[in-house]
Protein chains: 2
Amino acid sequence: MTTPSPINWPKYQHLYEEISVPAKTVLLEEGKTSRYAYYIVEGAVRLWFNNKGKDTTFQFFFEGEGVSSIESFRTGQPSMCTIETISAARLLKVSKENLDLIIDSEPGFRANLEGIIFHRLLRYTKMFIAQIRDTPQERYEALIRDQPHILQRVPLQYIASYLGITPVSLSRIRNKLQREK
Amino acid sequence: MTTPSPINWPKYQHLYEEISVPAKTVLLEEGKTSRYAYYIVEGAVRLWFNNKGKDTTFQFFFEGEGVSSIESFRTGQPSMCTIETISAARLLKVSKENLDLIIDSEPGFRANLEGIIFHRLLRYTKMFIAQIRDTPQERYEALIRDQPHILQRVPLQYIASYLGITPVSLSRIRNKLQREK
DNA sequence: AAGTTCTCTTTACATTTGTTAAGAAATCAA
DNA sequence: TTGATTTCTTAACAAATGTAAAGAGAACTT
């Protein structure tokens with residue numbers, strides 16, 4: 001779930017729960033099985049995993065997006081990553097069972113799922129390509145250009161690991177770009 | 001198309017063409033629209049794109065796998081990458097139209113497509129994560145461990161760009177690992 | 001308001017990687 | 001086989017990144 005869903009949510013109000021949580025709330029812990037998907041009404045969320053004791057962020061989500069550990073939610077396997085709020089957030093929380101009910105009640109939505117997954121595939125493919133093709137500086141410049149909202153709302157340390165570099169290195173790149181102006 | 005398809009191919013012999021091509025044959029050129037998908041009977045194929053004049057490989061395919069520029073084949077947009085044989089190859093070549101005919105004739109296959117795309121999504125997600133989490137040396141060691149067949153059949157220069165490094169750097173890593181034994 | 005925590009930057013040094021060039025080794029073609 | 005091409009390794013130097021530590025600044029808590 002990454003794109004805004006076309007679901008008529010109010011119709012299914014009895015099947016989901018609206019929750020408000022503070023910043024740094026863990027919605028799903030790495031290694032546990034995902035039983036809920038979330039839809040972000042307000043706030044920012046990141047996916048990260050533990051890497052030799054360090055915290056590596058690999059994806060951000062914002063208002064209007066659905067979040068889950070997609071592979072765990074679908075396959076029932078333990079999640080590769082933790083889902084955690086960055087800021088205080090309002091979320092719709094839906095269990096797997098109830099989401100299935102909703103999806104089956106919305107004609108044509110099940111067919112749409114393939115399209116949603118396809119576009120997420122493209123997104124990760126492009127992220128992988130950017131990673132082997134571009135330098136960290138180029139990836140940072142692309143982030144500023146294409147997704148400036150991330151920069152405004154996410155602490156730089158998380159952005160650094162998302163770019164595959166350390167906060168120190170990101171700081172140097174920012175310094176360099178500023179001097180060049 | 002990345003997983004071996006469950007299609008009963010002989011039944012549809014009139015809808016595809018079996019071709020034999022030498023090494024370094026371009027099956028699809030970057031920037032052009034993909035009109036054919038291929039199934040590899042024998043041989044090795046890589047996907048690469050032009051990166052500031054340099055050749056960057058980002059995926060390999062072998063016997064029993066289907067190959068296409070998946071996003072171009074599906075959306076009709078120009079391909080991000082070139083598809084090229086690494087070695088001499090025997091291939092089944094299917095047009096988009098005929099593949100649709102075949103898929104529609106095989107009950108349940110259309111539904112399977114979502115699963116195929118889902119698993120390819122997982123694969124790219126894991127490649128992206130490995131890229132921001134692991135060092136080039138760790139990625140090379142994982143390649144030896146998990147996909148040794150690639151190492152046996154693909155020139156090291158292509159593997160280097162697949163790992164996101166230069167052939168020189170890969171050579172140093174190989175030298176270092178050998179000395180450590 | 002004061003203290004605490006979190007975030008970001010900077011410095012110095014070590015390590016890794018990129019670049020360029022040269023040559024060895026392997027492969028291919030005539 | 002022989003010559004040509006491709007592939008791989010090595011060397012030297014430049015550039016980028018990682019690590020560790022210190023401190024400034026911002027944000028949050030009480």
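**Notebook: contacts and loops in a predicted model**

I began with a side chain of chain B: that of B:Glu106 makes a polar contact with the side chain of B:Tyr12, at 2.9 Å. I count as a polar contact a pair of N or O atoms within 3.5 Å; within protein, one must be able to donate a hydrogen and the other to accept it, and residues adjacent in sequence count only if both atoms are side-chain atoms.

I note that this is a predicted model, in which local features need pLDDT of at least 70, side-chain atom pairs count only at pLDDT 80 or more, and totals for chains, interfaces and linings use all residues. Residues are numbered from 1 along each chain as its sequence is written, chains are lettered from A and ligands numbered from 1 in the order in which they are written, and side-chain values use heavy atoms, with hydrogens and water left out.

**Entry on B:Glu106**

I located B:Glu106 in the loop between helix H2 (96–105) and helix H3 (109–133) of chain B. Helices (H or I, at least four residues) and strands (E, at least two) are DSSP runs, numbered from the N terminus. Its relative accessible area is 15%, and I recorded B:Glu106 as buried. The classes are buried under 20% relative accessible area, exposed over 50%, and partly exposed in between (1.4 Å probe, protein chains only).

**Entry on Lys24**

I looked up A:Lys24 and found a positive phi of about 65°, although this residue is not a glycine. A:Lys24 sits in the loop between strand E1 (16–21) and strand E2 (26–28) of chain A, and is exposed at 57% relative accessible area.

I then turned to B:Lys24, which is not a glycine and has a positive phi of about 65°. B:Lys24 belongs to the loop between strand E1 (16–21) and strand E2 (26–28) of chain B, and its relative accessibility of 57% counts as exposed.

**Entry on DNA strand D**

I found 18 residues around DNA strand D, of which A:Pro136, A:Arg172, B:Leu156, B:Gln157 and B:Asn175 come nearest. A residue is near a strand if one of its heavy atoms lies within 4 Å of it. Of the atoms of DNA strand D within 4 Å of the protein, 67% belong to sugar and phosphate.

I checked side chains against phosphate oxygens of DNA strand D. A polar side-chain atom of B:Asn175 is 2.5 Å from one, a polar side-chain atom of B:Gln157 is 2.9 Å from one, and a side-chain N or O atom of B:Arg174 is 3.2 Å from one.

I noted that H7(B) gives the most to the surface near DNA strand D, with five residues.
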